[in-house]
Amino acid sequence: MNLPSSRTGTLPLEVLIERVLAYQPTADTELLRKAYDFANSAHEGQVRKSGDPYFAHPAAVAGVITELRLDAACVCAGLLHDVVEDTAQSVDDLEKVFGKEVAFLVDGVTKLSKLEFSSRQERDAENLRKMLVAMSRDIRVLLLKLCDRVDNMRTLEFMKPDSQERIARETREVFAPLAARLGIHRFKTELEDLSFQFLETEAHQNLSRLMGETKAVRERFSREICEELRKQLHDHGFAGEVYRRTKHLYSIHRQMVEYNLDFEQLRDLVAFHVIMESVADCYGVMGAIHSRYTPIPGRIKDYIALPKPNMYQSLHTTVIGTRRERVEIQIRTKEMDRVAQEGIAAHWIYEDRLSGGADPKLMQRLGWLHDLLDVQREVKDAAEFLDSIRIDLFQDEVYAFTPKGEARVFPKGATAIDFAYAIHTEIGHHSSSARVNGTVSSLRHKLRNGDMIEMITSPDQRPKKEWLEFAATSRARNRIRAYLRNEERERSSKLGKELLEKELHDNGFSLQRFTKDDAELGRVLGELEIPTLQDLFIAVGYGKVAPASVTQTLSRSVDDGAKLKPKASVREGRIEHFVRRLMGKDVQGLKVSEIDDVLVRFARCCNPLPGDEIIGFITRGRGITVHRRDCTKAFETDPDRRIAVVWDSRVKANRSVQLKVLTVNRPGLLASMGQAFSDQDINLTAVTSRAVEDGRAMNIFTFPCADLSQLKIIMRALRKVQGVFSVERV
């Protein structure tokens, strides 16, 4: 696959208009001209990092939009999509000139650049959240954003290495899966390959070289197979087309890593497509092919009868060819083939755009969109939101069925508890086990294609924390977390009320009188910046507010004007005690809510390093526990217990971290990896290595590390060692 790089020149207006009129003859060409000139003028004097005039980018985005055959309003939005963010123009200005529709699309993809965020992760999450909300009203917002990301990835080479890695990772984890969910195969493959190029440069270069060296042999083989398939169609009286497609680089790379294969061991680098006139012909051709070639069990899939959530339909089969090689064949109609490449854009209609733009029945089939919207409404934490999105966009899927035969789609690795919460939240909360294909199984049962699942519930059953260990969908995980957090809040409220009642009593106050005096209660809550009495109880129970703070506030409001001194029995709150007792002690350079040197513990689950984005959690009796912002364990805690935590710029840490390295199991490889550490002047403190399945080895390296930058350097060095499949931070 030839990947576009830097562009040459700006897409001319007349070429753009010609493309739009080719598929939308009634397009408003004057609006297109106005948008082109407006954006060109607004960006005048601005330059991209490539050295191109800035307007080359929005013009290119508009060109990409025409590849999806989207309407003129969307093309105009593509031309104008950076005007609000990067010039003095506002959304209101655009609405006055171009109307509500174009202004809405531009606003949907405009970043929240005017607001202050505590971290890049929070900013990215809120920008994605904004886009999802706009997408719920008009799917073109997401299509426009994908086109923008495609062009940005095509010119990513001009960015700094850190920016390249960040953007490429976000593209691979979020935008390529979004393209797959929308069924836009051409964007999915291009975004994956471009991300692969920047995230695993050496592997990408090696694979590109090997594909080039074997191209002639592959072309000769694929031509022979195409001729054989055409002969089969002719001999059985079918009229159809046969063509071939070489798999894209990243999918080949994933196959090599997943199955521990060398390039020479790959046998299905080319997929063959048979395009028929009708669905009946598709099934007839599959029978004809199976009568000539031996099908491989387990490799026959019927996506016509059971379409994928992104509307993809096709028959898949893998057979043993005449030369004993594997041949992957996909059979579908012309319309199915168009949908396979263009996805939801293939179903686009231009009427009634302001009311939604797409057929309501079509949108109903995209149930995953509603799931994403549920996530953005339920999850407020930025890291947790991004984690949920990545889970929901997981590409590999399994199909399970209700007792009534209704098909449900889940990410690979989903379990019975995910099935329960997909049916209804209350069923999930009270599930005790599952009946799988007639046999009682645990909630940990991993769903397999074709499973018939019936949930067994009990009124006494409640969600447990360990359920989070095997729940795979964001819906299930969010529902479980919400229940556990609510329980925690109730316990903390009860504890806080008891602590506050005792503190008030010891100082001559009455909790009952305090809570019934609206004026006094309001003043205390106002000074402590707490919205309600219930929130006060919870804050005291968590340890965020010391009971003594409440009595001291009350003491200042005695009507006779004399301040009532707290009695000698007044005791410090737990957090106050920590702060006073531990001020001045070295806590490895953390600032906690602008108070240095509070006792902190670094969470072992994620082991944060200076440079990581971090967040703190108040832990009863143990001060502050610090996690990385994207730590999944951190998501299980109640947001009310979170506290702002930042690294001190003067920090010089040397904390122990671990890397998990999956490699081929061969002699000498451990020594090669050890040399990579030595070259970076890193002293290993512990190494464990064990053989795993498929001739692989799992290696755990423990070593002191100064900061995130040093960790990234050694991870890149390890990935370059021949025989290394993956490097992950533990």
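The largest share of the lining of the second largest cavity, three residues, comes from helix α13. Together with β6 (326–333), α13 belongs to the elements that each supply at least two residues of this lining. Helices (H or I, at least four residues) and strands (E, at least two) are DSSP runs numbered from the N terminus. The model is a predicted one, in which local features need pLDDT of at least 70 and side-chain atom pairs count only at pLDDT 80 or more, whereas totals for chains, interfaces and linings use all residues. Residues are numbered from 1 along each chain as its sequence is written, and side-chain values use heavy atoms, with hydrogens and water left out.

Four cavities of 30 Å³ or more are present in the structure. A cavity is a set of points, on a 1 Å grid over the protein atoms alone, where a 1.4 Å probe fits but cannot get out; lining residues have an atom within 4 Å of a point. Grid points are joined across faces, edges and corners, and a volume is the space filled by probe spheres set on the points. The second largest cavity has a volume of about 40 Å³, and its lining consists of I225, E228, L229, Y293, V319, G321, T322, V327 and I329.

Salt bridges, defined by a side-chain nitrogen of Lys or Arg within 4 Å of a carboxyl oxygen of Asp or Glu, number 30 by this rule. Because E219 lies in α13 (residues 215–235) and R244 in strand β1 (residues 241–246), the pair ties together parts that are 25 residues apart in sequence. Both partners are partly exposed, E219 having a relative accessible area of 24% and R244 one of 33%. Here, buried means under 20% relative accessible area, exposed over 50%, and partly exposed in between (1.4 Å probe, protein chains only).

A further salt bridge joins the side chains of K247 and D268 (3.7 Å, N to O). K247 lies in the loop between β1 and α14 (249–259) and D268 in the loop between α14 and β2 (270–276), so this pair links parts that are 21 residues apart in sequence. K247 counts as buried at 16% relative accessibility, and D268 is buried at 8%. Salt bridges that share partners also join E14, E30 and R33 into one network. Within helix α10 (residues 161–181), E165 and R169 are four residues apart and thus separated by about one helical turn; their salt bridge has its closest N and O atoms 3.5 Å apart.

In helix α28 (residues 669–679), L669, M673, A676 and F677 are buried. Seen down the helix axis, the buried residues fall within an arc of 100°, so they line one face of α28; the arc is that of the directions from the helix axis to the C-beta atoms. The face turned away from the buried side carries the exposed residues A671 and D679. Elements covering the buried residues include β19 (655–664), β21 (696–705), α29 (708–719) and β22 (724–729). Just after α28, D681 takes a positive phi of about 60°.

Strand β21 contains R696, which is buried with a relative accessible area of 8%. The R696 side chain reaches the backbone oxygen of V257 at 2.2 Å. Contacts of R696 (heavy atoms within 4.5 Å), not counting residues up to four places away in sequence, include V257, E258, Y259, N260, L662 and F725.

Conventions:
Polar contact = N/O pair within 3.5 Å; in protein donor to acceptor, adjacent residues only side chain to side chain. 1 Å grid on protein atoms, 1.4 Å probe; cavity = no way out; pocket = protein on both sides within 12 Å on 5 of 7 lines; lining within 4 Å.
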